[in-house]
Amino acid sequence: MDINQTVIIIIVTGIVTYMGWQNRALQERLIFWPPAIKQGQYERFITHGFIHADGMHLLFNMFTFYFFGRIIEAFYRQYLGGAGFVVFYLAAIVVAMIPSYLQNKDNKQYASLGASGAVTAVLFAYILFAPWELLYIFGIIPIPSIVFAVVYIFFSIQAHKRASDNINHSAHLYGALFGVIMTIVLEPRMIQIFWYQLLNPGWF
């Protein structure tokens with residue numbers, strides 16, 4: 001029987017996040033903090049993706065990941081002996097944060113946590129497969145996935161420039177980029193499939 005890797009990741013993330021809520025020292029050891037990484041604690045590139053600030057942060061990320069992860073998992077499990085999806089997810093956590101690290105590696109005030117970069121990678125990989133599939137914002141507002149992608153990227157770029165909140169918009173942007181590029185690298189025909197679907201919405 002195949003193990004649902006999406007569910008396993010959600011369970012592990014929930015457990016580690018809860019442990020971090022109960023133990024502040026543990027959360028501080030796992031969080032993305034550039035000065036510690038610069039000193040050799042490279043595991044923080046991954047561990048920060050398994051802790052979240054609060055229940056809403058955790059719920060939003062894992063809710064999104066559950067619905068789209070199950071679909072993208074089916075594609076990525078064809079690679080690396082069935083571990084392709086887990087590798088993709090972990091790599092997305094790391095890659096999404098590299099620009100933030102390079103920009104803040106000497107900033108002792110900078111810290112980040114959450115799986116948003118990886119979740120965005122999964123979401124945008126899904127959009128590549130189904131550009132006209134409806135997404136439901138807040139669970140009720142329907143919007144074609146390609147329209148959502150354009151609005152999301154535009155909003156994230158503007159929000160990143162303003163830097164007026166505590167959300168790591170850079171991780172969202174680079175996570176999305178990683179999700180699209182990695183999927184195309186593994187299956188170059190996705191470019192043709194994507195454009196065909198995009199230009200022929202009535203077929204899907």
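Tyr76 counts as buried, because its relative accessibility is 1% and the cut-off for buried is under 20%. The model described here is predicted.

**Aromatic rings**

- A pair of aromatic rings is described by the distance of the centres and the angle of the planes.
- The structure holds 16 aromatic pairs.
- One of them joins Phe75 and Tyr76, with 5.0 Å from centre to centre and 90° between the planes, and this pair is edge-to-face.
- Both Phe75 and Tyr76 are buried.
- Tyr76 also pairs with Phe88: the ring centres are 4.1 Å apart and the planes meet at 15°, so this pair is stacked.
- Because Tyr76 belongs to helix H5 and Phe88 to helix H6, the pair ties together parts that are 12 residues apart in sequence.
- Phe88 has a relative accessible area of 3% and is therefore buried.
- Ring pairs link a cluster whose members are Phe65, Phe75, Tyr76, Tyr79, Phe85, Phe88, Tyr89, Phe129 and Phe178.

**The loop between H5 and H6**

- Leu80 is placed in the loop between H5 and H6.
- Leu80 has a positive phi of about 55°, although it is not a glycine.
- With a relative accessibility of 61%, Leu80 counts as exposed, because the cut-off for exposed is over 50%.

**Helix H9**

- Helix H9 covers residues 169-186, which is 18 residues.
- At 1.5 Å a residue, H9 should span 26 Å, and its end C-alpha atoms are 26 Å apart, so the two values agree.
- The buried residues of H9 are His169, Ser170, Ala171, His172, Leu173, Gly175, Ala176, Phe178, Gly179 and Thr183.
- These buried residues pack against helix H5 (55-76), helix H6 (84-104), helix H7 (116-129), helix H8 (145-162) and helix H10 (189-199).
- Phe178, one of the buried residues of H9, is also a member of the aromatic cluster.

**A nonpolar patch on the surface**

- Ile3, Ile8, Ile11, Val12, Ile15 and Met19 form a nonpolar patch on the surface, and together they have about 530 Å² of accessible area.
- Ile11, one of these residues, lies in helix H1 (residues 5-22).
- Ile11 has a relative accessible area of 45% and is therefore partly exposed.
- An α-helix has 3.6 residues a turn, so residues three or four places apart point the same way.

Key:
Residues are numbered from 1 along each chain as its sequence is written. This is a predicted model: local features need pLDDT of at least 70, side-chain atom pairs count only at pLDDT 80 or more; totals for chains, interfaces and linings use all residues. Side-chain values use heavy atoms; hydrogens and water are left out. Patches are made of residues with over 30% relative accessible area and no salt bridge: like charges are joined within 9 Å, nonpolar side chains (Val, Leu, Ile, Met, Phe, Trp, Tyr) within 5 Å. Accessible areas come from the Shrake-Rupley method with a 1.4 Å probe; for residues, only the protein chains shown count as cover. A salt bridge is a side-chain nitrogen of Lys or Arg within 4 Å of a carboxyl oxygen of Asp or Glu. Helices (H or I, at least four residues) and strands (E, at least two) are DSSP runs, numbered from the N terminus. Buried means under 20% relative accessible area, exposed over 50%, partly exposed in between (1.4 Å probe, protein chains only). The expected span of a helix is 1.5 Å times one less than its number of residues. Contact means heavy atoms within 4.5 Å. Rings of Phe, Tyr and Trp (its six-membered ring) pair if their centres lie within 6.5 Å; planes under 30 degrees apart count as stacked, over 60 as edge-to-face and the rest as tilted.
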